[in-house]
Amino acid sequence: MFFVRLLSRLPFPVLYAISDFLYLIGYKVLSYRKQMVRKNLNNTFPHLDANEIKAIEKDFYHNLCDYAVETLKLMTMNGATLKKRMHFKNPEIVDAYKEKNQSLLLLASHQFNWEWLIASANIWLTMNVDYVYQAQRSEFVNQFAILTRSKFGSLPIKRSEVMRDIVRNKDKVRGIAIVADQFPGHGNDKRYWTSFLNLDTAFFEAINTLAFHTQYPTYFAKINHVSRGYYEMEFIEVAMPPYTRDDKQVIENYIKATEKVIKEYPSGWLWSHNRWKKKRDD
């Protein structure tokens, strides 16, 4: 961790030079997950020709390498710098709920740079934002993720303990942030199947269940890539309570919002994830 922190102190121009080197090694030499990325892109955008797919692919790998050094930089980045580089377009939406003592569900996707989004929430907003996380096998990765995401006051909530945490902190006014577009891969995960990016896709049914039990207003945190190292986040309404147990508007509207931002800027999403590794009948 000391060595990682030391690297994090490098200035942005040096870190982006490292990112360019990582791109050459990862994409040009090692072809890191290139087959998976190209397969996902071809399945999602069948109307694009090979040159168009390759252009998205190359831009994605540049963004992926930038994501790596930007997340590293979180270790030592101060709040003023992060606030300048991750701009919140309409924070007043969340601030208004804070004044009414109303907690929120804040849903995001794996759009670069979601790590900066989580870390910067408590810089921009008057409402505290805690985040749901899934522990990784590597203890170092867990420690690094919690350290960087929690640097400015966000608290981690284990995915398996979300409802218990909400009950335990029922009087706490806060936003609960969930990056909810990954594959629900655990055996006890209830899956919601739908069409997403032209493919039969499973999502976490739990975000719908969570909305029903909390009756919290739900917003999507849309990230726009402005330029290298600069992003803008916009809150978009997903659904408003009351919700019924069988109501699917939260998950359906979240899926639509996620699909829309991916189609607007396809190279900004995490195509290297094996998102469609399971079929409906598995």
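In which helix does Gln 35 lie? Gln 35 lies in helix α3, which spans residues 34–44, helices being DSSP runs (H or I, at least four residues) numbered from the N terminus. This is a predicted model, in which local features need pLDDT of at least 70 and side-chain atom pairs count only at pLDDT 80 or more, while totals for chains, interfaces and linings use all residues. Residues are numbered from 1 along each chain as its sequence is written, and side-chain values use heavy atoms, with hydrogens and water left out.

**Gln 35**
- Gln 35 counts as exposed because its relative accessibility is 74%, where exposed means over 50% and buried means under 20% relative accessible area, with a 1.4 Å probe and protein chains only.
- Gln 35 and Ile 223 are separated by 188 residues in sequence and, from C-alpha to C-alpha, by 26 Å in space.

**Helix α7**
- Helix α7 (residues 114–124) is mostly covered, with 10 of its 11 residues buried, among them Trp 114, Trp 116 and Trp 124.

**Helices α10 and α11**
- Helix α10 (residues 206–214) packs against helix α11 (residues 249–264) at an angle of about 130°, their axes being 8 Å apart.
- The contact (heavy atoms within 4.5 Å) is made by Ile 207, Asn 208 and Ala 211 of α10 together with Val 250, Ile 251 and Tyr 254 of α11.
- By class, this contact of α10 with α11 has five nonpolar residues, one polar residue and no charged residues.

How values were computed: Axes fitted to C-alpha atoms, helices over the stretch in contact; angles between N-to-C directions. Helix = DSSP H or I, 4+ residues; strand = E, 2+ residues; numbered from the N terminus. Nonpolar A, V, L, I, M, F, W, Y, C, P; charged D, E, K, R; others polar.
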